[in-house]
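We will go from stop to stop, and at each one you will get something to select and something to look for.

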Amino acid sequence: MSSTAPSQRRLQKELMSFLKEPPPGVTVDSDLTGQDLSVWIVHMDGAPGTLYEGEKFQLQFKFGSKYPFDSPEVTFIGGNIPVHPHVYSNGHICLSILTEDWSPALSVQSVCLSIVSMLSSCKEKRRPPDNSFYVKTCNKNPKKTKWWYHDDSV
Amino acid sequence: MSKKQLSAVFVKMGDKVPTTKYDPNVNQDELIMKQQRLIEKEIMDSIPLVGDKEDFSSLEGEYDGDDIYKQKVKNLAKNYKYIRRTRPDGNCFFRAFSYAYLEKLIDDREEFNRFRELAAKSKENLVALGFPQFTVEDFHDTFMEVIDQVGKHHSVLSPGAPAGEDLHKVFNDQGNSDYVVVYLRLITSGQLQRDSSFYQHFIEGARSVEDFCHQEVEPMYKESDHIHIIALSTALGVGVRVRYMDRGDSAEVIAHDFPEGSLPQVHLLYRPGHYDILYPH
C-alpha cells in the first residue's frame, strides 16, 4: 500500500522487467521512456521467416493514470506502418486485448508479443477493407473507436 | 444495475428524444462512449465501492408499491438482518465476496490461517499455469498486504481503528480494492483452466475455456456468472450462499450454495446483474 500512484509504480516495475527480458526482436527506447513513464517508444523488427522480415517498426504506448486497470493506447508510429489487415494506415491497430479484452494481468511485454504474433501469422499484406473511411473519420485515440473484432485467424 | 443494462436504458431513453437524428459528420462511436463514461461517472460519484452496513428496512424501501418484491424482501428478512451494497461496476461479485469473507476472517483466526497459507501459495500455482510472473506478482503482493492487514488484528491489540474500519478503508481505496478484484479474477481463471474439462460444459458456443477466461474472467468490469462463482469458491475453499431475487413467482428467495453442499461463509444477494452482501441473523 505504497503512496506512489499505482500506475507509476507498476510502470516502473514493467520497465525494469522489459529491459531485463525483452521479447525477441523488440526493444524499448529507455532514454525516452526513463524521462516520462507515461509514454513508451518501442522498436520492433519484423520476425524472420514472415512477410515482414527485414522491416523495422515503431510502436507508441501511452498510459493513463488508471493503468493497468485501463488498457494502454497503442499505435504504430513513424515512417513504416506495417501493411496488415488489422493495421490502419494511421497506425491504429484492431486487436481485442487493446480494448475490450484488456486485462490488468497483461503487460507491455505481452502486448508486444501479441502484436508480433499478429504480424507473423499474416498471409497477405493488405490494409483493412475500410481503411480510407476509418482513417478519415476516426479519433486520434484508437481507444475511442468501438471496434468490431472479427476474423481471429490473422 | 449492471453496465450492460445501463446502456440498454440509455438506448431506450434515446429513442424518445426526437433530436437524436443520425448525423454522418458526428463520430457515433465517440458519442456512445462519451455517454457510457458519463453514466459510469454518475455511478462512481453516487455509490461507494463498498457501502455501510444498512438495516434491512432500507431494502424494503426500494420496493414501495411493488408487492411481489416487497413480499420477497419480507421473507428474506427472516434470515438476514443487514445488507451492504457494492458499486455496480461489473466487479461487484468479486468485491462483495472478498469484503464479506475478509470481514469474517477478522473474528476467525483459524480460518484466517488456513486462508493465508492458501493465498500465499496461489501465486506459484498461477505462474505454473502460464500466467506472466511479473504481473501476477504485482497483484499478489497487494493481495497479501490486504490479508495481512486483517491478520494483524489477531496478534496485537491494535491501537488504531477497529479492524472493520481498516478493511472498509482499504476496500474503498480504488487502487487497493481493484488490485484485490484483479487477483481474484486471476485465481478464478486459474481454477477454470486447471479443471477445464469440467468447466467446458458450462460454456456456451464453441469458445474454449481459455478464450472464455481471457474474455470474460480476466478483464475488469466483466460480470460474473455461476461459472465464476463455482470456480472461485472451489479454488479458495470458501462456501458462498447466493440468494436470487428476481421477478419469479415464488415468494421465497431461492438460495444456491457454491460449491454445492458447502457450509456458507459468505452470503450474497443477487438481483439481475448485481451482487450485494447479506448478513444473517
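Start by selecting helix α12 of chain B, residues 226–236. Which of its residues are buried? They are Ile227(B), His228(B), Ile229(B), Ile230(B), Ala231(B), Leu232(B), Ser233(B) and Leu236(B). With eight of its 11 residues buried, α12(B) is mostly covered. Keep in mind as you look around that this is a predicted model. Now step just past the end of the helix to Gly237(B), which takes a positive phi of about 65°.

Tyr221(B) has 28% relative accessibility, so it counts as partly exposed.

Now select strand β6 of chain B, residues 274–280. Six of its seven residues are buried, so the strand is largely enclosed by the rest of the structure.

- Strand β2(B), residues 80–86, runs antiparallel to β6(B) and is joined to it by four bridges. Look for Ile83(B), which stands opposite Leu278(B).
- Strand β5(B), residues 264–271, also pairs with β6(B) in the antiparallel sense, over five bridges. Here Arg271(B) has His274(B) as its bridge partner.

Zoom in where β5(B) passes into β6(B): the two form a hairpin with two residues between them. In that turn, Gly273(B) has a positive phi of about 90°.

For the next stop, select Lys70(B) in helix α4 of chain B, residues 67–77. Is this lysine buried or exposed? Its relative accessibility is 19%, under the 20% cut-off, so Lys70(B) counts as buried. Leaving aside residues up to four places away in sequence, Lys70(B) touches Glu60(B), Tyr63(B) and Asp64(B).

Time for two prolines. Most peptide bonds are trans. Select Phe258(B) and Pro259(B): the bond from one to the other is cis, with omega near -15°. Pro259(B) lies in the loop between β4 and β5 of chain B. Then move to chain A and select Tyr67(A) and Pro68(A), which are also joined by a cis peptide bond, with omega of about 5°. You will find Pro68(A) in the loop between β3 and β4 of chain A.

Last, show both chains together and turn to where they meet. How many residues of chain B are in contact with chain A? There are 31, and they touch 25 residues of chain A. The two chains bury about 2200 Å² between them, 58% of it on carbon and sulfur atoms. In chain B, highlight Met33(B), Phe134(B) and Tyr179(B), which lose the most area to chain A, together 23% of what that side buries.

Three salt bridges are found across this interface. To see a salt bridge here, select Lys222(B) and Asp101(A), whose side chains come together at 3.6 Å, N to O. Then color helices α2, α7, α9 and α11 of chain B, each of which supplies at least two residues of the side that touches chain A. Among the contributors, α7(B) gives the most, with nine residues. To finish, color that side of chain B by residue type: it divides into 13 nonpolar, nine polar and nine charged residues.

Technical notes:
Residues numbered from 1 in each chain as written. Chains lettered and ligands numbered in written order. Predicted model: local features only at pLDDT ≥ 70, side-chain atom pairs only at ≥ 80, totals over all residues. Heavy atoms only, no water. Contact = heavy atoms within 4.5 Å. Buried area = accessible area lost by both parts, 1.4 Å probe. Salt bridge = Lys/Arg side-chain N within 4 Å of Asp/Glu carboxyl O. Nonpolar A, V, L, I, M, F, W, Y, C, P; charged D, E, K, R; others polar. Buried < 20%, exposed > 50% of the residue type's maximum accessible area, 1.4 Å probe, protein only. Pairing = 2+ DSSP bridges.
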